[in-house]
Amino acid sequence: RGDGWDDAEWSLPDDDENVEDRDKSPPDMNAAQQTKRYVKGHLSIRMQQSDSVWTEAWRGTGPLPAYKQKRLFDDTREAEKVLHHLGALEVSGLALALLPVLLQLAIRHLRHKNRDKPLTCVEGLLHDAVVHLSSARSVSLETVPRYEECVSLLSQAENLMAAANSLQ
(Lines give C-alpha, C1' and ligand atoms only; values in the text may rest on other atoms or scores of the structure.)
Protein backbone atom coordinates (compact mmCIF):
# COMPACT_ATOMS: atom_id res chain seq x y z
CA ARG A 1 0.00 0.00 0.00
CA GLY A 2 2.95 2.30 0.49
CA ASP A 3 1.52 3.96 3.58
CA GLY A 4 3.64 2.24 6.22
CA TRP A 5 0.98 0.04 7.77
CA ASP A 6 2.01 -3.09 5.93
CA ASP A 7 5.57 -2.56 7.21
CA ALA A 8 4.27 -2.05 10.74
CA GLU A 9 2.15 -5.21 10.49
CA TRP A 10 5.21 -7.21 9.60
CA SER A 11 7.81 -5.67 11.90
CA LEU A 12 5.67 -4.44 14.80
CA PRO A 13 2.67 -6.76 15.15
CA ASP A 14 1.76 -5.33 18.57
CA ASP A 15 1.47 -1.84 17.08
CA ASP A 16 -0.90 -2.76 14.24
CA GLU A 17 -4.43 -2.65 15.58
CA ASN A 18 -6.85 -5.23 14.22
CA VAL A 19 -10.52 -5.77 14.83
CA GLU A 20 -9.71 -8.94 16.80
CA ASP A 21 -7.76 -6.81 19.30
CA ARG A 22 -10.96 -5.43 20.83
CA ASP A 23 -10.85 -8.26 23.34
CA LYS A 24 -7.59 -6.80 24.65
CA SER A 25 -9.08 -3.35 25.23
CA PRO A 26 -9.22 -1.89 28.74
CA PRO A 27 -12.53 -2.61 30.48
CA ASP A 28 -13.30 1.10 31.03
CA MET A 29 -13.51 1.87 27.27
CA ASN A 30 -16.99 2.13 25.77
CA ALA A 31 -17.93 0.65 22.38
CA ALA A 32 -17.47 3.95 20.52
CA GLN A 33 -13.94 4.37 21.87
CA GLN A 34 -13.13 0.76 21.01
CA THR A 35 -14.38 1.20 17.45
CA LYS A 36 -12.44 4.44 17.05
CA ARG A 37 -9.27 2.94 18.49
CA TYR A 38 -9.37 -0.53 16.95
CA VAL A 39 -9.80 -0.25 13.20
CA LYS A 40 -8.16 -2.85 11.00
CA GLY A 41 -5.11 -1.56 9.15
CA HIS A 42 -4.29 1.36 11.42
CA LEU A 43 -1.32 1.86 13.64
CA SER A 44 -1.81 1.90 17.39
CA ILE A 45 -2.27 5.20 19.18
CA ARG A 46 1.34 5.03 20.40
CA MET A 47 2.58 4.70 16.83
CA GLN A 48 0.31 7.45 15.48
CA GLN A 49 1.74 10.14 17.74
CA SER A 50 3.50 12.81 15.74
CA ASP A 51 6.69 12.54 17.78
CA SER A 52 7.02 8.74 17.57
CA VAL A 53 10.21 7.33 16.09
CA TRP A 54 8.21 5.34 13.54
CA THR A 55 6.33 8.40 12.25
CA GLU A 56 9.51 10.49 12.07
CA ALA A 57 11.37 7.76 10.20
CA TRP A 58 8.50 7.21 7.78
CA ARG A 59 8.17 10.91 6.98
CA GLY A 60 11.94 11.23 6.47
CA THR A 61 12.11 8.58 3.78
CA GLY A 62 11.01 8.99 0.21
CA PRO A 63 9.68 6.41 -2.20
CA LEU A 64 12.37 4.27 -3.81
CA PRO A 65 11.70 1.74 -6.58
CA ALA A 66 12.59 -1.84 -5.71
CA TYR A 67 15.30 -2.07 -8.35
CA LYS A 68 17.17 0.84 -6.69
CA GLN A 69 16.92 -0.61 -3.18
CA LYS A 70 19.80 -2.52 -1.64
CA ARG A 71 19.08 -6.23 -1.68
CA LEU A 72 18.42 -7.75 1.73
CA PHE A 73 19.89 -11.10 0.63
CA ASP A 74 22.59 -11.16 -2.01
CA ASP A 75 22.27 -14.65 -3.45
CA THR A 76 25.25 -14.18 -5.77
CA ARG A 77 27.58 -13.29 -2.89
CA GLU A 78 26.29 -16.20 -0.79
CA ALA A 79 26.75 -18.63 -3.71
CA GLU A 80 30.32 -17.40 -4.14
CA LYS A 81 30.95 -18.04 -0.43
CA VAL A 82 29.63 -21.59 -0.77
CA LEU A 83 31.77 -22.26 -3.84
CA HIS A 84 34.83 -20.85 -2.09
CA HIS A 85 34.11 -23.04 0.95
CA LEU A 86 33.68 -26.15 -1.23
CA GLY A 87 36.85 -25.33 -3.18
CA ALA A 88 38.84 -25.03 0.03
CA LEU A 89 37.62 -28.39 1.41
CA GLU A 90 39.89 -31.38 1.41
CA VAL A 91 38.54 -34.64 0.01
CA SER A 92 37.92 -36.00 3.51
CA GLY A 93 35.96 -32.88 4.45
CA LEU A 94 33.85 -33.14 1.32
CA ALA A 95 33.10 -36.82 2.01
CA LEU A 96 32.16 -35.97 5.59
CA ALA A 97 29.88 -33.15 4.41
CA LEU A 98 28.11 -35.46 1.94
CA LEU A 99 27.70 -38.34 4.39
CA PRO A 100 24.42 -37.15 6.04
CA VAL A 101 22.86 -36.54 2.64
CA LEU A 102 23.87 -39.96 1.35
CA LEU A 103 22.54 -41.63 4.50
CA GLN A 104 19.20 -39.83 4.15
CA LEU A 105 18.97 -41.01 0.55
CA ALA A 106 19.77 -44.57 1.60
CA ILE A 107 17.03 -44.48 4.27
CA ARG A 108 14.49 -43.18 1.74
CA HIS A 109 15.51 -45.84 -0.77
CA LEU A 110 15.16 -48.66 1.78
CA ARG A 111 11.81 -47.31 2.97
CA HIS A 112 10.61 -47.26 -0.62
CA LYS A 113 11.81 -50.85 -1.18
CA ASN A 114 10.17 -51.96 2.08
CA ARG A 115 6.83 -50.40 1.10
CA ASP A 116 5.64 -53.24 -1.17
CA LYS A 117 6.10 -56.05 1.38
CA PRO A 118 6.59 -54.22 4.66
CA LEU A 119 8.66 -55.84 7.37
CA THR A 120 8.15 -54.27 10.81
CA CYS A 121 11.65 -55.15 11.95
CA VAL A 122 13.09 -53.31 8.92
CA GLU A 123 10.90 -50.29 9.67
CA GLY A 124 12.22 -50.33 13.25
CA LEU A 125 15.82 -50.42 12.04
CA LEU A 126 15.16 -47.55 9.62
CA HIS A 127 13.53 -45.55 12.41
CA ASP A 128 16.59 -46.12 14.61
CA ALA A 129 18.83 -45.03 11.72
CA VAL A 130 16.84 -41.80 11.41
CA VAL A 131 17.22 -41.20 15.16
CA HIS A 132 21.00 -41.72 14.96
CA LEU A 133 21.26 -39.49 11.92
CA SER A 134 19.21 -36.67 13.45
CA SER A 135 21.18 -36.82 16.71
CA ALA A 136 24.29 -35.78 14.79
CA ARG A 137 23.64 -32.04 14.83
CA SER A 138 26.79 -31.05 12.99
CA VAL A 139 29.19 -32.68 10.58
CA SER A 140 32.48 -33.31 12.34
CA LEU A 141 34.83 -36.11 13.23
CA GLU A 142 33.02 -36.47 16.58
CA THR A 143 29.82 -37.48 14.77
CA VAL A 144 31.44 -40.23 12.69
CA PRO A 145 30.52 -42.97 15.23
CA ARG A 146 26.85 -41.98 14.90
CA TYR A 147 27.12 -42.23 11.14
CA GLU A 148 28.84 -45.62 11.46
CA GLU A 149 25.97 -46.84 13.66
CA CYS A 150 23.50 -45.55 11.07
CA VAL A 151 25.35 -47.43 8.30
CA SER A 152 25.30 -50.58 10.45
CA LEU A 153 21.52 -50.28 10.94
CA LEU A 154 21.02 -49.76 7.21
CA SER A 155 23.15 -52.81 6.46
CA GLN A 156 21.08 -54.91 8.87
CA ALA A 157 17.88 -53.66 7.22
CA GLU A 158 19.21 -54.57 3.77
CA ASN A 159 20.22 -58.05 4.95
CA LEU A 160 16.78 -58.66 6.47
CA MET A 161 15.06 -57.51 3.26
CA ALA A 162 17.33 -59.72 1.14
CA ALA A 163 16.64 -62.71 3.41
CA ALA A 164 12.87 -62.10 3.26
CA ASN A 165 12.97 -61.82 -0.55
CA SER A 166 15.01 -65.02 -0.93
CA LEU A 167 12.53 -66.99 1.18
CA GLN A 168 9.63 -66.10 -1.11
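This report looks at the salt bridges in the structure above.

The model is predicted, so local features need pLDDT of at least 70 and side-chain atom pairs count only at pLDDT 80 or more, while totals for chains, interfaces and linings use all residues. Residues are numbered from 1 along each chain as its sequence is written, and side-chain values use heavy atoms, with hydrogens and water left out.

A salt bridge here is a side-chain nitrogen of Lys or Arg within 4 Å of a carboxyl oxygen of Asp or Glu. Searching the whole structure turns up 5 salt bridges. Here are some of them:

| Pair | N to O distance |
|---|---|
| Arg-71 and Asp-74 | 2.9 Å |
| Lys-81 and Glu-78 | 3.5 Å |
| Arg-111 and Glu-123 | 2.9 Å |

Now for where the last pair sits. Arg-111 belongs to helix α6 (residues 91-116) and Glu-123 to helix α7 (residues 120-135), so this pair, 12 residues apart, links distant parts of the chain. Helices are DSSP runs (H or I, at least four residues), numbered from the N terminus. Arg-111 is partly exposed at 34% relative accessibility, and Glu-123 is partly exposed too, at 31%. "Partly exposed" sits between buried (under 20% relative accessible area) and exposed (over 50%), using a 1.4 Å probe and protein chains only.

Salt bridges with shared partners also tie Arg-71, Asp-74 and Asp-75 into one network. In that group, Arg-71 has a relative accessible area of 47% and Asp-74 has 26%.

Lys-81 and Glu-78, by contrast, both lie in helix α5 (residues 75-88), 3 residues apart, or about one turn of the helix. Lys-81 is partly exposed at 46%, and Glu-78 is partly exposed at 26%.

Notes: Helix = DSSP H or I, 4+ residues; strand = E, 2+ residues; numbered from the N terminus.
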